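The briefing takes each of them in turn.

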Amino acid sequence: MRIRKALKSDVKQLFLLEKKLFSKESFPLSKGSFRYHIKNSSLFVMQEGYDIVAYVLVLVKRKDAKLYSIGVDDSWRGQKIANRLLQKSIEELRKLGFVTLVLEVRVDNLEALALYQKIGFEIQKRLKAFYGDGCDAYLMKLHLV
Ligand SMILES: CC(C)(COP(=O)(O)OP(=O)(O)OC[C@H]1O[C@@H](n2cnc3c(N)ncnc32)[C@H](O)[C@@H]1OP(=O)(O)O)[C@@H](O)C(=O)NCCC(=O)NCCS
């Protein structure tokens, strides 16, 4: 199993994984979006054999870094894969000179919330009805220096 930068040739697999991870209501990323992010964002994948079993996507814009999405295939969960991917992103962001990493997460996504808190993210505020279905979000922040 290895972590590496996503390549254009990964788009098809990333898209299939995304469809498994997120329902239509959660606006899964399209193939076009993955193509865009491979060029313009920080996108790491976890590869096992020929398969991509997880990915992490961080949007980078001048001084700001935002964790946009992270997902691990169902059958590979609970093996610290998300943790390892996030650590890899964080390592890269530090090298690039970013000082904070922010994210929004659904308040009912307890697995993700636990993951982020374990890594050291802190809740900044609660964003009311942030998602289309009325669910609130937590805005979280991690200091990288
Ligand atoms: C959230 C998600 C990425 C976690 O992936 P994972 O590889 O299983 O997580 P890890 O094994 O690295 O777990 C790291 C930590 O996260 C927390 N965590 C992960 N899954 C958990 C669960 N089911 N219950 C409670 N805590 C959990 C724990 O603190 C865990 O540390 P520990 O194992 O030492 O207790 C995965 O469940 C997933 O893909 N969910 C669907 C997509 C999603 O909601 N993404 C986040 C929003 S974009």
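Arg 4 is buried, with a relative accessible area of 13%; buried means under 20% relative accessible area, exposed over 50%, and partly exposed in between (1.4 Å probe, protein chains only). This is a predicted model, in which local features need pLDDT of at least 70 and side-chain atom pairs count only at pLDDT 80 or more, while totals for chains, interfaces and linings use all residues. Residues are numbered from 1 along each chain as its sequence is written, and side-chain values use heavy atoms, with hydrogens and water left out.

**Salt bridges**

- Side chains of opposite charge can pair when their charged atoms come close.
- The structure holds 10 salt bridges, a salt bridge being a side-chain nitrogen of Lys or Arg within 4 Å of a carboxyl oxygen of Asp or Glu.
- Arg 4 pairs in this way with Asp 10, and their closest N and O atoms are 2.8 Å apart. Asp 10 is buried as well, at a relative accessible area of 5%.
- Arg 126 forms a salt bridge with Asp 136, with 2.7 Å between the closest N and O atoms. Because Arg 126 lies in strand E6 (residues 122-127) and Asp 136 in the loop between E6 and E7, the pair ties together parts that are 10 residues apart in sequence. Helices (H or I, at least four residues) and strands (E, at least two) are DSSP runs, numbered from the N terminus.
- Arg 126 is partly exposed at 43% relative accessibility, whereas Asp 136 is buried at 10%.
- Within it, the side chains of Arg 106 and Asp 108 meet at 2.9 Å, N to O.

**Nonpolar core**

- The largest nonpolar core has 32 residues, of which Leu 67, Leu 101, Val 105, Tyr 116, Phe 121 and Met 140 touch the most other members. Such a core is a set of buried Ala, Val, Leu, Ile, Met, Phe, Trp, Tyr and Cys residues joined through side-chain atoms within 4.5 Å.
- Elements that each supply at least two residues of this core include strand E2 (42-48), helix H3 (81-95) and strand E7 (137-143). The largest share, 6 residues, comes from H3.

**Positive patch**

- Lys 12, Lys 19, Lys 24, Lys 31 and Arg 35 gather in a patch of positive charge on the surface. Patches are made of residues with over 30% relative accessible area and no salt bridge, like charges being joined within 9 Å.
- Helix H1 (11-21) and helix H2 (31-40) each supply at least two residues of the patch.
- Lys 12 is placed in helix H1 and is exposed, with a relative accessible area of 59%.

Notes. Patch = residues over 30% accessible without salt bridge, like charges linked within 9 Å, V, L, I, M, F, W, Y side chains within 5 Å. Areas by Shrake-Rupley, 256 points an atom, 1.4 Å probe, with all protein chains shown as cover. Lys, Arg positive; Asp, Glu negative; His and termini not counted. Charge placed at Lys NZ, Arg CZ, Asp CG, Glu CD.
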